[in-house]
Amino acid sequence: ARFTGMLSVGILSYNTAAKLRKCLESLHAHLPDVPVLVLDNASTDDSCAMVTREFPGIRLCRSSENLFFARGCNRIAELCTTPYVLLMNADVFLGDASIMAIVKYMEENPNIIATSPLIRDGARLWHMASGIITPWRCIARDSIAGRVLRKTRWFRRVMFEDMPIDGIFIVPKITNSCCVIRRNEFIKAGGFSCGQILYWTEEEFAQRMMHLGYLQAVYGKAVVGHEHGSSTGTLPKSLIRAIHVRDRIHYMQRTYGFPAVLMVEGMLMLRFQIWKSIADYFHLIRHYREIKGFVSRIGSGVNRPLTGQ
């Protein structure tokens with residue numbers, strides 16, 4: 001109970017009224033004394049009206065434009081004031097109060113900047129942690145040529161597939177869909193990179209935190225539910241595919257250079273349904289101006305300090 005005043009919850013919401021209601025109901029049931037902030041990313045459904053009507057005690061902040069994932073989470077960190085913030089997507093919900101154990105764990109381990117719980121995604125229970133995705137790991141994970149590599153001990157080790165599902169361990173990369181962050185350190189480190197619109201934020205953040213000397217952890221004794229992909233499902237599929245390819249290229253080029261981009265994109269073209277790969281690039285060309293506008297609006301790829309204290 002003594003850790004309750006140290007945690008607040010920040011939820012990023014976009015057109016997920018029904019899922020957001022379930023999320024808020026779970027917080028009311030399991031963390032009733034923890035302040036909750038909902039940042040609405042310019043939803044066009046009745047998300048804001050639902051929060052105002054059904055959860056009057058919750059702080060609702062409405063953005064006039066879609067800030068997307070990275071800048072939206074950074075804004076939540078700026079708006080909250082507690083030492084720890086539970087960042088949640090609106091399609092995540094709690095089954096108990098075990099998140100508080102993560103706060104205790106991080107208090108005892110001050111070099112850990114972020115910790116994720118165990119995720120129950122439908123019938124699957126997983127920790128969603130891995131090594132940082134390098135060009136070769138990307139090829140192993142996502143290409144046909146990587147089918148052999150995915151069966152090797154090397155791949156299982158770097159992707160932490162052999163770790164106990166309910167374990168507590170340090171890992172280079174965690175999921176950002178639900179994690180507890182150490183707020184002040186997160187802000188000083190510049191938060192998530194706004195150069196990534198929706199994807200590959202975890203890789204970029206993991207790289208930067210590693211260089212700054214911070215650790216990330218999985219706390220498998222805390223479990224949350226996740227109904228994957230709810231927000232992105234409200235956007236055109238062609239736009240989502242275009243953003244996915246653009247974010248992958250941006251991360252690879254910024255982190256490993258242009259030759260790595262050529263290698264990764266060339267290998268990912270080699271799959272049985274090659275027309276899908278070709279279609280992705282057509283989607284990227286089709287939505288190029290729109291995506292360029294997103295990037296100009298939410299920030300450059302250079303991470304700048306946030307304004308919170």
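## Briefing on a predicted model

Where pLDDT is low, the predicted coordinates should not be read in detail. For the chain, the mean pLDDT is 90, with 93% of residues at 70 or more.

This is a predicted model, in which local features need pLDDT of at least 70 and side-chain atom pairs count only at pLDDT 80 or more, while totals for chains, interfaces and linings use all residues. Residues are numbered from 1 along each chain as its sequence is written, and side-chain values use heavy atoms, leaving out hydrogens and water.

**Backbone angles**
- Asn15 is not a glycine, yet its phi is positive, at about 55 degrees.
- You will find Asn15 in the loop between strand S1 (7-13) and helix H1 (17-30); helices (H or I, at least four residues) and strands (E, at least two) are DSSP runs, numbered from the N terminus.
- Phe68, also not a glycine, has a positive phi of about 60 degrees and lies in helix H3 (residues 68-79).

**Nonpolar cores**
- A nonpolar core is a set of buried Ala, Val, Leu, Ile, Met, Phe, Trp, Tyr and Cys residues joined through side-chain atoms within 4.5 Å.
- The largest has 45 residues, of which Ile76, Leu87, Ile181, Phe192, Ile197 and Ile291 touch the most other members.
- Helix H3 gives the most to this core, with 7 residues.
- A second, separate core has 36 residues, including Leu31 and Tyr219.

How values were computed
pLDDT is the predictor's confidence in each residue, from 0 to 100. Buried means under 20% relative accessible area, exposed over 50%, partly exposed in between (1.4 Å probe, protein chains only).
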